[in-house]
Amino acid sequence: MGIKMKMKYLTIILLFLSVNLFAQDFLGILSYNTAMPVSKSADYISEVSWKGFSFEGRTFSSRHWTFGGMFGWNIFDTKITDLIVIDDETTGTAVKGTQIRYTNSFPMMVNGHFYIGKKRSTLRPYFGVGIGTYYIIQRFEIGVFQREVSNWHFGLAPEVGFLLALSRSTSLIVSAKLNYAFSSGKTVYGDTDNTQSYIGLNVGLAFSGY
Amino acid sequence: MKTNFLKKNKIWQKYLSILFLFILTINLTSCYTDYGLTSADYDVVVTQWDKTTDFDTLKTFSLVDSVFHITGDKDEPDSELLDRTYDRLIISTIRTNMKELGYAEIADPSDQNEPDVVVTIHALGTQIDQYYAGGYYPGWGYPGWGYGGYYPYYPGYVGKSTYYVGTLYIDYFDVDASDIPNDILVSPWYATINGLLNSGATESRLTNSINQAFDQSPYLKIN
């Protein structure tokens, strides 16, 4: 089964889960995610990603705290024609061609959040952190050649945001999240430092029971 | 009043949720962007040079006046995947570039009138009709040539339909550094041009790619 098919099934399962788990103290969150690559990730693809989403479930353990889990998908891509120059000690290599670069990042995390204000407040700012893994696929295409690598990374994702109540059971959720995937394996271009990071700006809907 | 409010609210929420799912679906249907690539977008020019060579000492050249096809059979000079329509264009474009870089051509080289550099041209046609899950692309590197350098690593193409790829190799042999009787040929610079065959705009793509190979090699220029 291809990765696309797997993701399709996983998406469908998570969709049902998030719809069916609306309990009293549960938040089911569906978000549209944009992402800006930073640091080494930006060296590979500097363009902002407009393609991404996440599913998330959070359970209130007290008035101010939730614990939960999330799954997301961010897609970064770019087309560039820059000359690639590889400088070794005695040999230089220059490569010119249309390059298509992709990064697919799948964060899967458990998380904890702290909410400011009363539970029924219209606006509830929060902050928190996720801890878990990123499955990151990098693909590089030039001419008829293609190379792809995938790695599981340990990751952390500190986040700030707010919930804005639209009704008693639905809130708008807006958050900014730093996705930080620690180095794992090699990049698609062979670098042993494969740290990946991006700042996500997420807008979604949070559903809860009455 | 309360009931009406909730009722209205539920309808509103339902539509909002559907709208949101719709946006997400649209968002995901284009996970790999279609960049609408043309055949020229599949052309790749690779040049490699030996940094220890003092290119300034090389000032004259001779061009082997034909394009050798790499067929895997020394008795078969013509590849069935390549035609010779563009041989003259390839040779003349390379000659023009060498002259523009400041090299003087020695048209009839001899022991008494030896060029500093001999430029040779090889071509390889490859039919791709299966999956290559990695490793060396079959078009890269060919036996029988002792290079100082090496062709860069590229993984195999992953694809299923049949298509044809052409690779043009331009070699720049340093005559003094080579030991020709013993088959040791030193090539401090070479270019590899790779692209789809039979996919249109061949003349302009060949010319542009050859020019690009020299343009991205400014150290070849004679000062």
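**Exercise 1.** For chain A, state what share of the contacts between residues at least 6 apart in sequence joins residues at least 24 apart.

*Solution.* Two residues are in contact if their C-beta atoms, placed from the backbone, lie within 7 Å. Among the contacts of chain A between residues at least 6 apart, 59% join residues at least 24 apart. The model is a predicted one, in which local features need pLDDT of at least 70 and side-chain atom pairs count only at pLDDT 80 or more, while totals for chains, interfaces and linings use all residues. Residues are numbered from 1 along each chain as its sequence is written, and chains are lettered from A and ligands numbered from 1 in the order in which they are written.

**Exercise 2.** Describe the secondary structure of chain A and the pairing of E9(A) with E10(A).

*Solution.* Step 1: helices (H or I, at least four residues) and strands (E, at least two) are DSSP runs, numbered from the N terminus. Chain A has two helices and 10 strands, in the sequence pattern α-β-α-β-β-β-β-β-β-β-β-β.

Step 1: two strands pair if DSSP finds at least two bridges between them. E8(A), residues 145–165, pairs with E9(A), residues 170–181, in the antiparallel sense over nine bridges; four residues separate the two strands of this hairpin. A:Gly155 has A:Ala181 as its bridge partner.

Step 2: E9(A) also pairs with E10(A), residues 196–207, in the antiparallel sense over 12 bridges. Here A:Ala176 is bridged to A:Leu201.

**Exercise 3.** Trace the open sheet of eight strands and locate H3(B) on the sheet.

*Solution.* Step 1: the strand order is E4(A)-E5(A)-E1(B)-E6(B)-E5(B)-E4(B)-E2(B)-E3(B), with mixed pairing. The edge strands, each pairing on one side only, are E4(A) and E3(B).

Step 1: E5(A), residues 91–97, and E1(B), residues 44–50, pair in the antiparallel sense over seven bridges. In E1(B), B:Thr47 is the bridge partner of A:Ala94.

Step 2: H3(B), residues 202–215, packs on the sheet and touches E5(A) together with E1, E5 and E6 of chain B. Its direction makes about 150° with that of E6(B) (axes are lines fitted to C-alpha atoms, for helices over the stretch in contact, and angles run from 0 to 180 degrees between N-to-C directions).

**Exercise 4.** Which residues of H3(B) are buried?

*Solution.* A residue is buried if 20 or more other C-beta atoms, placed from the backbone, lie within 10 Å of its own. In H3(B), B:Arg205, B:Ser209, B:Ile210, B:Gln212, B:Ala213 and B:Phe214 are buried. Their cover includes E5(A) and, from chain B, E1, H2, E5 and E6.

Note on methods. A residue is buried if 20 or more other C-beta atoms lie within 10 Å of its own, exposed if 12 or fewer, and partly exposed in between; C-beta atoms are placed from the backbone.
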